[in-house]
Amino acid sequence: MTAATFDLSRVHGVNPHETKFLYEEIFGARAYLRGGLSIPPGAVVVDAGANIGMFTLFAHAEAPDATVLAFEPLLPLAEKLRQNIAEFGVPAEVFSCGLSDAERDVSFTYYPGYTTMSTLSAYADPDGDKEAVRRQVRSQPGIDPDMVEHLDEILAFRLRPVTHPGRLRRLSSVIDERGIDRVDLLKIDVQRAELDVLRGIDERHWGLVRQVAMEVHDAPGTETAGHLDEAMETLTRHGFRVSTHDALSDRYTVSAHR
C-alpha cells in the first residue's frame, strides 16, 4: 500500500464525515509531516490519540516496514483501529490506553457523533469544541448554506457527551516495557492533554525521541492558556528545533526535529 493507492472505502470508521476529514487532513494535507518531518524506512512511530487509526495507516503507507505503537483509550475507537490494521495488514501494536504523566484510571468524555473531539473528562469543553467545529466548517470552500444555517442544531446532536472509563500510562513505562531504543516520530493529538504526554517522558528517554508532531490547545482565559509556549519550551530544552503552523481556533500544529 502507498498513499497513492490507498483505498478509503476499505476504512472502518464511526462517522463517514470524520473518516473523510481524517483522510484529507492526514493523507491529503500531510498535516503531521509539516516542518520537514518524515517517516524513514524502518521507523519506530508512536501514535498517541490514534482514533480509528488513520495516521497509523498513513505511517505504514510512508514506510511499510515501520513499527507503529498506536494508543487509543476509548474502546469503540480502539475496536475500529484494530479492524483497520487488520484490513490493511499493518504490523502495528494497539494499546487500549492513553498516554499521560502518570498511570491511572480515568473517565473520558466521548462524542459518538464527533469522535475526534473526545477527551479526558477533566479537559472536556463542549462549548469550546462546538466553536472549533463551527470555525472549521465555515472555513471550508463551497460549504452548503443549509448546513451553516442549521449548524448549531447539527453540533448539538453530534457533540452529545457519553462518559467512558479508560486507562492512562506513561510513555517512559512503555519504552522500558518494550525495550524501545528509539522513537523516530512521536505524534500527539489528544485534545488538551498533550502536555501530560510530554510530562510522561523521563529525562533519560528524551534522547531517544527524534521527531515530534503534535496538536497543542492554547486558548486565553482557559486552563490551556500558555500551553503552546510550554510545549515549545519543553521541546527546545530537549534539543529540538521547533516550528508552529496554521492555527484553528485554539489549536496549533507543532513540529519538532533534531
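Mentor: Gladly, and let us begin with the naming of elements: helices (H or I, at least four residues) and strands (E, at least two) are DSSP runs, numbered from the N terminus. Keep in mind that this is a predicted model.

Trainee: Where does N51 belong in that scheme?

Mentor: N51 lies in the loop between β1 and α2, the helix of residues 54-62. Its phi is near 55°, a positive value in a residue other than glycine.

Trainee: Which other non-glycine residue has a positive phi, at about 50°?

Mentor: That is Q191, in the loop between β8 and α8 (194-199). With 5% relative accessible area, Q191 is therefore also under the 20% limit and is called buried.

Trainee: Let us turn to the rings. How many aromatic pairs are there in the whole structure?

Mentor: The search finds 9. One of them is F6 with Y23, with 5.7 Å from centre to centre and 10° between the planes.

Trainee: Why is the pair of F6 and Y23 called stacked?

Mentor: Two tests apply: the centres must lie within 6.5 Å, and the planes must be under 30 degrees apart. At 5.7 Å and 10°, F6 and Y23 pass both, so the pair is stacked. F6 sits in the segment before α1 (16-28) and Y23 in helix α1 itself, 17 residues apart, and the pair links these distant parts of the chain.

Trainee: Are F6 and Y23 buried or partly exposed, and how do you know?

Mentor: F6 has a relative accessible area of 9%, so it is buried. Y23 is at 23%, which falls between the 20% and 50% limits, and therefore counts as partly exposed.

Trainee: Which residues form the aromatic cluster?

Mentor: F6, Y23, F27, Y32, F55, F58 and F88 form one cluster. Two of these rings also have a charge over them: R10 over F88 and K187 over Y32.

Trainee: What makes you say that the charges of R10 and K187 sit over those rings?

Mentor: The charged end of R10 is 4.4 Å from the ring centre of F88, and K187 is at 5.3 Å from that of Y32. The distance limit is 6 Å, and there is an angle limit of 35 degrees from the ring normal as well.

Trainee: Which way do the side chains of β8 point?

Mentor: L185 and K187 point one way from β8 (residues 185-188), L186 and I188 the other, and all are buried. In a regular strand the side chains alternate between the two faces of the sheet.

Trainee: How do you know that β8 pairs with β1 and β9?

Mentor: Pairing takes at least two bridges. Strand β1 (residues 44-48) joins β8 through 4 bridges, and β8 joins β9 (residues 211-217) through 3, so both pass. Both pairings are parallel. I188 stands opposite A48 and opposite M214 in β9.

Trainee: What makes β4 and β6 edge strands?

Mentor: They belong to an open sheet of 4 strands in the order β4-β7-β5-β6, with mixed pairing. Each of β4 (98-100) and β6 (119-120) pairs on one side only. The partner of β4 is β7 (residues 162-170), in the parallel sense over 3 bridges, with L99 facing R169.

Trainee: What lines the second largest pocket?

Mentor: There are 13 lining residues, with D125, G128, A219, T222 and D250 nearest its centre. By class they are 3 nonpolar, 4 polar and 6 charged, around a space of about 190 Å³. A219, in the loop between β9 and α10 (227-237), is at 13% relative accessibility and therefore counts as buried. Its C-alpha atom is 9.3 Å from that of G128, 91 residues apart along the chain.

Definitions and conventions
Residues numbered from 1 in each chain as written. Predicted model: local features only at pLDDT ≥ 70, side-chain atom pairs only at ≥ 80, totals over all residues. Heavy atoms only, no water. 1 Å grid on protein atoms, 1.4 Å probe; cavity = no way out; pocket = protein on both sides within 12 Å on 5 of 7 lines; lining within 4 Å. Points joined across faces, edges and corners; volume = space filled by probe spheres on them. Nonpolar A, V, L, I, M, F, W, Y, C, P; charged D, E, K, R; others polar. Phe/Tyr/Trp six-rings, centres within 6.5 Å; stacked < 30°, edge-to-face > 60°. Buried < 20%, exposed > 50% of the residue type's maximum accessible area, 1.4 Å probe, protein only.
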